[in-house]
Amino acid sequence: MDATQPEAVALLRRRKRRDSKPFAVMVRDLATAQRLAVLSEDEIDVLRSPARPILLARKQPDALPESVAPRNPNLGIMLPSAPHHHLLLDEPGLEALVMTSGNISGYPIAYRNEEALEQLFEIADTILYHDRDIEIRVDDSVVRLSVHDELDAPLLQFVRRARGYAPYPVDVGREVAPAVALGAELKTTVALSHGSKVFLSQHIGDLKNDETFASHRRTARHLARLYALEPRLTAHDLHPQFRSTRAALDGDGAGNGDGAGRAVVEVQHHHAHMASCMAENHVTGTTLGVIFDGFGYGEDGTVWGGEFLLGDYAAYRRVGRLRRLPLIGGDQAVREPVRTGYALALDAFDGDREKAVAAFPALAALDEQQRHVYATMAARGINSPATSSMGRLFDGAAALAGICSLAEYEAQGPIELEGLLARDSTPEAAYRFDARTPEGEPDGPVEVDPRPVIRAMAADLAAGLPADRISRRFHTAVVEMVRDRCRAFREETGVRQVVLSGGVFLNEFLLLNCLTGLTADGFDTYVHRQVPTNDGGIALGQVMVADARTSPGK
């Protein structure tokens, strides 16, 4: 579809039922890419590499309709990677094409001719098919190259690791037991290990439907056959309701057998994130993990996501966490971030509904009955599980700042809140978090309290501060909180090595400023460079934890 035609973009959005999520664009050649995006020499090298990933690059102003990537400073851009791409783009007037997955939203790519003809007739006017069947479905890889004055070289980060990069192995620098790790539930990958190599699959997706789950199982078995691997361990997430967990417990895994008789190891979600970053950087010994994401099942039965962990591959303890807030309506709060914003405002103003609504104009979208019902649900814990999630804090902040009250796609609010920064990592005078030991938990983790941040945001909104300044102050506050907590934990423990992991660290401002700031504070600081920092890297960490727990002396 011609990316220069706003009417065509609008039609595709209607057919895909995708109102806001950015599209990627394939361009004819490098000259076209440079007209559409601001590209450094390093970014050009990534675009032209054999892997041919989608690169998130800065938009050139007004080069394409805003509807291609609305409210986003980036454009996902790629060069042709197959002969038919070159043939399509050789047509006169077709220099840039929107490229989107051939699938119904929420389902895996239709990679068989018959599947495409059956599933895509309401989306595509024409289907190009071939008599050479595709063996394995593989998405495009998505990467970003980040620069900072304090970094010696640009930092390549994977948003999605798939075509061109998977299933090339990650060398973890130590022998590990033969294992299969089944990942989590969202952005899932699987991993198999042999010697010091961990073979991480391509991106599979969210295991919300039977088709994606079947693809998950096929991918694990294909990877085992491809490398002739016979795992002795199966690792899975701690969450008892994840389909990947149930598959592990049912003896369904990779290999020539059916998984029966294989040792099964459950791995807490955030420990796996931490171990994943340690593994790809060959970090050993006691380490501090700053693990921020949207969701992970905690050992106390609550939803974790804003965590400071201290430990190694075999074990960890939770030394800090974000103050818990109620997810009003459970998963519905993820789709309606205004609910989380309301919960944050109520907490910041001691449950006073009038003060909360008066402080944040975005909450006026809730009618009086909604405010009453949501406040009651939050106060009584009715379908409102407690969470310490940093991802939900970003959701709520975006809603309160008037950026995104309803999310069409995952992390829309945080992405658009960061988008206001225009990929400028300059800090701003920060809001401040509090930190304390929770009452009644003298030996528990330190609680990081965002209530002062929320009240300060309200004051800035009342003073008419622009949304981009509020966003920069909020982002800087999170960075300064991370640095403060890490320095405090170093004083207590002497640990000087830190890993940053979890999907929230796809936020470029947060990643670069935490990395450079902690390094300036004297820490040995490590981030992901070979696998995604989101749940696409979880399986690597699961392999490492399973190995450490079952191999004496490690």
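1. Start with Asp 521, which pairs with Arg 487 in a salt bridge whose closest N and O atoms are 2.9 Å apart. The two partners come from distant parts of the chain, 34 residues apart: Asp 521 sits in the loop between α17 (508–520) and β22 (524–526), while Arg 487 belongs to helix α16. By salt bridge I mean a side-chain nitrogen of Lys or Arg within 4 Å of a carboxyl oxygen of Asp or Glu. Helices (H or I, at least four residues) and strands (E, at least two) are DSSP runs, numbered from the N terminus.

2. A word on what you're looking at. This is a predicted model, where local features need pLDDT of at least 70 and side-chain atom pairs count only at pLDDT 80 or more, though totals for chains, interfaces and linings use all residues. Residues are numbered from 1 along each chain as its sequence is written, and side-chain values use heavy atoms, with hydrogens and water left out.

3. Back to that pair: is Asp 521 buried or exposed? Asp 521 is buried, with a relative accessible area of 16%, whereas Arg 487 is partly exposed at 27%. The cut-offs are under 20% relative accessible area for buried, over 50% for exposed, and partly exposed in between (1.4 Å probe, protein chains only). The two also belong to one network, in which salt bridges that share partners join Arg 432, Glu 480, Arg 483, Asp 484, Arg 487 and Asp 521.

4. Now look along helix α16 (residues 467–493) to Arg 490. Arg 490 is buried yet has no salt bridge, and the nearest side chain of opposite charge, Glu 491, is 5.5 Å away. Leaving out residues up to four places away in sequence, Arg 490 touches Val 495, Arg 496, Asp 521, Gly 522 and Phe 523. Contact here means heavy atoms within 4.5 Å.

5. How many salt bridges does the structure hold? The count is 33. Side chains of opposite charge can pair when their charged atoms come close.

6. Another salt bridge brings together the side chains of Asp 300 and Arg 318 (3.5 Å, N to O). This pair links distant parts of the chain, 18 residues apart: Asp 300 is in the loop between β14 (287–297) and β15 (303–311), and Arg 318 is in strand β16 (residues 316–322). Asp 300 counts as partly exposed, at 38%, but Arg 318 is buried, at 13%.

7. Most residues other than glycine have a negative phi, and most peptide bonds are trans. Which residues does a cis peptide bond join? They are Ala 166 and Pro 167, with omega about 5 degrees. Pro 167 is in the loop between β7 (155–160) and β8 (169–171).

8. Ala 411 has a positive phi near 65 degrees and sits in the loop between α13 (390–400) and α14 (412–419). Ala 422 has a positive phi of about 55 degrees, and its place is in the loop between α14 and β19 (434–436). Ala 411 is partly exposed at 31% relative accessible area, and Ala 422 is partly exposed at 47%.

9. Have a look at Val 267 in strand β13 (residues 263–267). Val 267 is buried, with a relative accessible area of 0%. Val 267 and Val 543 are 276 residues apart in sequence, but 9.2 Å apart in space, C-alpha to C-alpha. Not counting residues up to four places away in sequence, Val 267 touches several residues, among them Ala 235, His 236, Gln 542, Val 545 and Arg 549.

10. Last, Glu 118 in helix α5 (residues 113–119). Glu 118 is exposed, at 59% relative accessible area.

Conventions:
Lys, Arg positive; Asp, Glu negative; His and termini not counted.
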